[in-house]
Every structure is written in C-alpha cells, then in structure tokens.
Amino acid sequence: MEDFKELLTRQRDFFYTGKTKNVAFRIEALTTLAHIIRSNESELMAALKKDLNKSQFESYMTEIGILLEEIRFTLKHIKEWSQPRKVKSALAQAGSKGYIYPEPYGVVFIISPWNYPFQLAIAPLIGAIAAGNCAILKPSELTPATSKLIAELIARNFPKEYISVVEGDAETTQALLQEKFDYIFFTGSVPVGRIIMEAAAKHLTPVTLELGGKSPCIVHKDANIKLAAKRIAWGKFINAGQTCVAPDYLYVHSAVKDEFINALKETITELYSDNVFQNGEFTRIVSERHYKRLQKFLDNGSIVIGGRNDIDSLIIEPTVITDITWDLPIMQEEIFGPLLPVLEYDHDSTIIQKINDRPKPLALYIFSESKEFQDKILGNISFGGGCINDTVYHLSSPYLPFGGVGESGIGAYHGKGSFDVFSHEKSILKQSTSFDLPFRYPNRKNALKQIKLFIK
Ligand code: NAD
C-alpha cells in the first residue's frame with residue numbers, strides 16, 4: 001500500500017505554498033476538469049457500460065452532463081463566492097466593520113460509492129477545488145473500470161500533491177483514515193458513515209456524510225395519476241433503482257391504488273419496453289451479492305408488475321409489489337434496486353406516524369394537487385429534501401442544497417453549497433483606530449449605567 005503519510009505531507013506542503021488559494025488557479029483547475037470530462041466522454045461511457053451496463057443516455061444525464069453543469073455554475077460564481085463578505089456590525093461595536101472570509105480547509109478526503117461512480121466522486125471534488133483545497137479521492141472498488149479511469153485522468157492532468165486518486169477497498173479507506181485530514185466528505189451507506197465519523201472524531205476532523213435510507217413516495221387521492229406514475233417510474237427505475245434518492249417505497253391512497261397500478265404498468269412498458277433483457281439499455285445490478293440480496297425480496301408480498309431476473313446479466317426488470325406490510329424484509333432496509341413495494345393508506349395520520357417512527361429519510365416525494373395536503377406532510381415529517389409532484393429532480397438544482405438529516409446524513413452540497421462545505425468561514429471584526437468608545441472600559445464613573453445604554 002502507498003505511503004499515505006508521505007502523500008498527505010506532500011499535499012499539505014503544496015497547500016501551504018498558497019497556490020490553491022489563488023482564484024485564477026482554481027478557475028484553471030475547474031476548466032481543466034471540464035475539459036477532461038468533455039474530451040473523455042466516450043471513454044467514460046464505455047467504463048460506465050462495463051461497470052453497470054449504463055446506457056449512453058443515462059450516463060450523460062446523470063454522470064457527465066450534471067457535472068458539466070455544476071462546473072459551469074461554479075465558474076460563473078466563483079469570484080463572487082471567494083470574496084470576503086461584509087456583514088452588519090452590532091450597535092455596541094459602532095465604528096467597527098464585520099467580514100466573513102471564506103478560506104479552504106487544507107487537505108480534504110473524498111470517499112465515494114459505486115452507484116454513480118463518476119458523478120459522486122467528481123461533484124464533491126468540484127467544491128473542494130472551488131474552495132481552494134488539495135484533495136485525495138477514494139472511488140469505489142465495486143466499479144473498477146470507472147475508478148481506474150478517474151485515477152488515470154486525474155493523474156494525467158493534476159499534480160499528485162494537488163489532487164490524488166487512491167484506488168482500493170474498505171481497507172485502503174481505513175488506512176487513509178488513520179491520517180489527519182482537514183475535512184472528510186463521505187458518500188455511502190449509513191453503517192459505513194458511522195465508521196467514517198468515528199475515525200474522524202479521533203482527529204476532530206469535520207465531516208459531511210451523504211448517506212441513504214428508505215425514501216417514501218406518497219400518492220394522494222387527488223394526484224394527477226398518469227403523471228405521478230410516469231415520474232415515479234422514471235425516478236425509481238433510472239440506474240435500476242440504485243439511486244440514493246430513488247423512491248424506496250410507495251404509500252398510495254386506497255381510493256386510487258388500482259388506477260395508479262394500471263398507469264404504472266403502461267408507463268413502465270412505454271419507458272423501458274416490455275423486455276429489458278433484450279433492449280440492452282437497462283442498468284444492471286452492481287454485483288452478484290447485491291443481485292442475490294434483491295432476489296430474496298421477490299417473495300415478499302405479491303408481484304403485480306415485472307419480477308423476472310437474470311443472474312448472467314445481473315438484470316432485474318422493473319418490479320412492483322403489493323400486499324406489503326412493514327414487517328416484511330423488503331421494508332427493513334434500503335432496497336437500492338428496481339423493486340417497488342406499494343403500501344396503501346386511508347388516513348393522512350397513518351403515513352405521518354409510520355414515517356416518523358423510522359429514521360429521517362434522505363428524500364420524500366408527494367404527489368397531490370392539494371396545497372393543504374402538501375403542507376401537512378411538509379410540516380409534519382422531517383427529511384433531507386424532495387419534490388412535490390416529481391421525484392429525484394431536486395438533486396440537480398444548483399440552487400437547492402442537497403443532503404440528509406438525522407440518519408440520512410450530515411451537511412449538504414451542490415451549487416454554492418459545495419463551495420461552502422469545503423470552506424471555513426473566518427469571522428473578522430475590523431476595528432477603527434480613529435476613535436475609541438470609552439464605555440467598554442472599566443474603572444469609569446457610571447461605567448455600568450453607560451454600558452447599559454448600549455447593551456440592553
Ligand atoms: P458503502 O458505504 O458500502 O461504500 C462507500 C465507500 O466507502 C466506498 O468507497 C467503499 O470502498 C468505502 N467503504 C466501504 N466499507 C468501508 C469500511 N468498512 N470502512 C471504510 N470505508 C469503507 O456504500 P455503497 O454500497 O458504495 O453505496 C450505496 C450506499 O450509498 C446507499 O446506502 C446509498 O443510499 C448511499 N448513497 C448516498 C448518496 C447521497 O448523496 N446521499 C449518494 C449515493 C449513494
């Protein structure tokens with residue numbers, strides 16, 4: 001294994017040269033990153049096809065295009081974001097001025113998962129570069145072609161002491177975690193998130209944890225059923241359900257359940273054909289272990305759509321399951337695959353109570369035409385973020401910070417959020433020397449009375 005102590009020392013030495021703090025340097029690095037992505041589009045698509053059978057359309061939309069957009073947005077705003085910001089001064093501090101100086105943390109560690117292996121490694125890197133840090137990246141070992149390509153592209157275009165990719169598994173991450181980083185950004189599962197936070201605590205290193213969990217999707221009786229079915233099918237089956245914010249399960253009002261299932265059947269065929277084994281475009285399950293884990297759920301409840309699967313290609317077709325109860329195995333863990341269990345409800349209070357009984361979800365989706373119903377759910381359930389009358393789409397807005405709450409994560413990024421995550425906000429009060437208000441000093445006549453005029 002590489003000498004990580006030495007790698008960190010080299011990165012820290014480079015950071016202290018001050019080069020990465022120069023905004024022109026950061027702009028150049030982001031421009032290089034965009035160029036790498038553009039000029040290696042076909043290599044990236046080939047790697048994603050090899051690792052996950054991702055179609056070119058999905059690869060572009062969810063891995064390549066989304067990053068180019070994020071870089072474009074960051075380049076547009078980076079000068080403004082990196083300036084010190086003037087803030088108001090308190091009355092008792094008359095004469096002084098307050099400023100917030102964003103400064104980079106130093107050497108940051110980015111650990112990413114396999115489900116969007118390129119996007120989830122590079123999106124945090126954009127924030128780390130924009131904020132002026134050095135970075136070490138550890139992509140997932142479960143998508144080796146993409147991780148290898150990331151390592152090659154970064155090594156070819158950036159000096160190791162600035163940005164470095166370390167390939168490897170849990171053991172490699174553990175070895176790196178022994179070192180003292182200035183910030184750790186982790187995307188992955190809840191159990192590994194705990195391990196990362198525990199390791200970070202030893203050095204008091206701040207962390208962002210982008211985790212997962214079971215994200216509910218509610219279809220109310222007044223929803224636009226056809227659109228709901230289409231947007232749910234898209235958000236659930238994109239990447240074969242291996243999306244952290246995919247609707248994990250549905251809560252459908254019993255008055256519209258049959259109509260909704262029929263609409264879902266139609267829309268699944270329309271979007272994914274009636275034979276995903278032949279069309280060659282449907283993302284596969286990442287590994288045999290995950291395939292078998294999902295296969296076991298197929299005898300939970302009653303399959304009403306799909307259910308076929310093929311171990312040779314590791315493909316499971318879009319599958320919808322009814323007659324679901326909370327005690328079934330499929331409801332005990334994040335599904336992370338193309339299986340969609342459907343629960344029914346009659347009263348709003350049931351969904352609120354059942355969801356609140358469980359860890360706070362990363363995402364939640366509401367399909368309803370009623371503002372009152374939407375507000376009731378938003379006001380009574382805590383979750384990371386989500387959509388009204390859509391699924392998954394919120395994560396692609398640079399104006400919406402993306403992250404979890406409670407067990408689904410700590411911190412948020414995207415857009416300015418990514419710059420902020422990797423910046424410490426240094427608060428500075430600049431004092432005037434042209435006068436010196438006497439009231440704060442002791443040992444004066446009426447000192448207490450005078451200070452009470454300013455501080456009440
Ligand atoms: P994972 O937690 O198994 O692995 C993530 C990373 O951690 C990988 O790089 C892996 O090598 C490393 N790792 C694994 N075990 C480790 C250990 N014991 N010690 C140190 N490092 C370890 O997650 P995954 O299976 O790659 O990804 C799926 C999970 O990630 C799902 O739970 C999903 O919801 C979540 N996820 C969250 C987001 C988000 O933005 N919130 C995005 C994608 C995925």
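Predicted model: local features only at pLDDT ≥ 70, side-chain atom pairs only at ≥ 80, totals over all residues.
Hi everyone, thanks for coming.

Let's start with the overall location. Where does the ligand lie relative to the two domains? Domain 1 covers 5–211 + 407–428, and domain 2 runs over 216–397. Both give residues to the shell around the ligand, so the ligand lies between them. The space that the ligand takes is also the largest pocket.

Now, who are the neighbours? The ligand is surrounded by 27 residues, and the closest are S112, E141, S189, L211 and E334.

As for secondary structure, three elements each supply at least two shell residues: α7 (170–177), β6 (183–187) and α8 (190–203). Which of the elements gives the largest share? That is α7, with 3 residues.

In S189, an N or O atom of the side chain is 2.6 Å from an oxygen atom of the ligand. E334 also has a polar side-chain atom 2.6 Å from a ligand oxygen. Then there is W114, with a polar side-chain atom 2.8 Å from an oxygen atom of the ligand.

And how much of the ligand's accessible area does the protein cover? On its own, the ligand has 840 Å² of accessible area, and the protein covers 90% of that.

Notes:
Residues numbered from 1 in each chain as written. Heavy atoms only, no water. Near = heavy atom within 4 Å. Polar contact = N/O pair within 3.5 Å; in protein donor to acceptor, adjacent residues only side chain to side chain. Areas by Shrake-Rupley, 256 points an atom, 1.4 Å probe, with all protein chains shown as cover. 1 Å grid on protein atoms, 1.4 Å probe; cavity = no way out; pocket = protein on both sides within 12 Å on 5 of 7 lines; lining within 4 Å. Sits in = over half its atoms within 2 Å of the grid points. Helix = DSSP H or I, 4+ residues; strand = E, 2+ residues; numbered from the N terminus. Domains from an automatic or database assignment.
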